[in-house]
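Welcome, and thank you for taking a look at this structure. Please keep the 3D view open as you read, so that you can find each part as it comes up.

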Protein chains: 2
Amino acid sequence: DTSIVTKAKISCKNGIKVTDRKDQTFESRISTTNHPLSRRLFKIMLRKKTNLCVAADVATSQQLLSLADQLGPHICLLKTHVDLMSDFTLDTTQELKELAEKHNFLLFEDRKFGDIGNTVAKQYSGGAHKVVEWAHLVTAHALPGPGVIEGLASAAQDQERGCVLVSQMSSVGALTSNEYVNGCSRLAENHTYFVVGFVSQSSVSGDSRFILFTPGVQLEKSVDGLGQQYVTPRAAVLERGADIIIVGRGITQASDPVATAITYKHQAFSAYEERVAGGTS
Amino acid sequence: DTSIVTKAKISCKNGIKVTDRKDQTFESRISTTNHPLSRRLFKIMLRKKTNLCVAADVATSQQLLSLADQLGPHICLLKTHVDLMSDFTLDTTQELKELAEKHNFLLFEDRKFGDIGNTVAKQYSGGAHKVVEWAHLVTAHALPGPGVIEGLASAAQDQERGCVLVSQMSSVGALTSNEYVNGCSRLAENHTYFVVGFVSQSSVSGDSRFILFTPGVQLEKSVDGLGQQYVTPRAAVLERGADIIIVGRGITQASDPVATAITYKHQAFSAYEERVAGGTS
């Protein structure tokens, strides 16, 4: 039953009729967002017909680059955890950047920055990983307040960079209360020059400028041994309001990662098309 | 006026009279905590008469090792951000471990782990930094729920390791609400085999098993350009209930870091002695 998502949901905000994010096409959202990376991401999704982000949680550069090259044609975004790799060097990121250009996807380091502004600015630009030099997007926890966003933005300088706030987490017993989610939304609204959206498990924002990224997606519902909970791609997009689904082990540990990625891509993108088909734009 | 802290504060919990953490000596707390690292830390503090933790947020291994050797005699704990160092290798941590033994302090990597259990387990044990191999303590955000603690503990295996939950942050506009603080406390109480205490700005727990670490401490009250707020060592211990004060730029950027560390150490340890002088144990 998709009637809940296909009927037009017009809400009234400040006396102006606003169409909910979920009912708007990515095409129409290109003109309403004011972040250049969001526009670029919408264009990639439309051109490649994919709203799939693969989480490449691998231990070596070779595995990362091989996944990026194999799955590149089917994804809009590659999510990394470079701090899991024992052999990481800046050569790895150079090759990664070339693969991202070749296959037209963006790079998304899931660092979950969560410190005061002065510290995250140095973590983002410095150290062994120099994340700001190669990752278009990074995740951050809003817990420290606006300083975390301002610190990251100060380190990004003139580069086309943005961050995604972790608004809700998919793990059992997460402390991301409604109050916390609202705090994240307020911070995002006050920092649209740097925040492109949210990592969330439900439609935490109807604001069409923000992109919703939903992790914890697998073809079958399940739970892992350390509290991670999963939903299907279709449920993520139609019920939880995901714009982009994030899939890790479901693809990277599949016997045929490419075929599996294609299955996820089709399921998630048709769910998106179904969602906006009944919308107003 | 220290009367608020020197009068005995006996609270009644489950019908049993419980003395508040702040009124108990470190000596008496050695026998009430059940974490071996907490006991070790209390013993170090008593032997060296210091409850000072220095935050060494430096860019090179040479700076880190030099600070550790210079300040080692005056600290109980060295807090690091190894992801800020461009030239980090495992040789650095080997030298760091030797300095920690020479001067009798513990190592505390302020990684602020904040991901699901499966990911933090790999971030803690793997990557370039192999934090679990050298850091006695690490910080974690409780935001992802119990999985973050269980993931870290699973990676620590039989090594004497523990984590400190970031319960409150010192930055302007932090989203660490009372509800969040209570969530951290509940998680800590359910995981005393791994959680040694809290990073906080106030006395978030009266439970004498937990050690309170308070950052944002400088000899003069101030605010930095990215939202970090400071209190004095005396206010941190007497008003905010800190067991251990964490001092970064106030010492590391002083013209004479050693002399400055000694000033902080004396102020913070005498504040602790004053705090417990009126206590009941």
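## A pair that links two chains

Let us begin with one pair of side chains: B:Asp83 and A:Arg111 meet in a salt bridge, with N and O 2.6 Å apart. Please bear in mind that the model is a predicted one. B:Asp83 sits in the loop between strand S4 (77–80) and helix H5 (90–103) of chain B, while A:Arg111 belongs to strand S5 of chain A, so this pair joins two chains. Side chains of opposite charge can pair when their charged atoms come close.

There is another such pair to look for: B:Lys112 forms a salt bridge with A:Asp115, and here the closest N and O atoms are 2.9 Å apart. Across the interface of chain A and chain B, four salt bridges are found. Over all chains, the count comes to 26 salt bridges.

## Where the chains touch

How many residues does the contact take from each chain? Chain A gives 48 residues and chain B gives 48 residues. The area buried between chain A and chain B is about 3,800 Å², and carbon and sulfur atoms give 58% of that. In chain A, the residues that lose the most area to chain B are A:Leu143, A:Leu175 and A:Leu226, together 20% of what that side buries.

The interface of chain A and chain B also holds twelve residue pairs in polar contact, counting pairs with both residues at pLDDT 80 or more. On the side of chain A that touches chain B, the elements giving two or more residues are strand S5 (106–113), helix H6 (117–125), helix H7 (146–156) and helix H8 (178–189) of chain A. The residues of that side divide into 16 nonpolar, 20 polar and twelve charged.

## The barrel of chain A

Now turn to chain A by itself. Eight of its strands close into a barrel with parallel pairing, in the order S3-S4-S5-S6-S7-S8-S9-S10. From one strand to the next, the twist averages 25°.

For a view of one pairing, find strand S9 (residues 211–214) and strand S10 (residues 244–247) of chain A, which pair in the parallel sense over two bridges. The bridge partner of A:Thr214 in S10(A) is A:Ile245.

## The barrel of chain B

In chain B, eight strands close into a barrel in the order S3-S4-S5-S6-S7-S8-S9-S10, and the pairing is parallel. The twist averages 25° from one strand to the next.

Strand S6 (residues 137–140) and strand S7 (residues 162–166) of chain B run parallel and are joined by four bridges. Within S7(B), B:Leu165 stands opposite B:Ala140. Helix H7 (residues 146–156) of chain B packs on the sheet, where it touches strand S5 (106–113), S6, S7 and strand S8 (195–199) of chain B. The direction of helix H7 makes about 155° with that of S6(B).

How values were computed: Residues numbered from 1 in each chain as written. Chains lettered and ligands numbered in written order. Predicted model: local features only at pLDDT ≥ 70, side-chain atom pairs only at ≥ 80, totals over all residues. Heavy atoms only, no water. Contact = heavy atoms within 4.5 Å. Buried area = accessible area lost by both parts, 1.4 Å probe. Polar contact = N/O pair within 3.5 Å; in protein donor to acceptor, adjacent residues only side chain to side chain. Nonpolar A, V, L, I, M, F, W, Y, C, P; charged D, E, K, R; others polar. Pairing = 2+ DSSP bridges. Axes fitted to C-alpha atoms, helices over the stretch in contact; angles between N-to-C directions.
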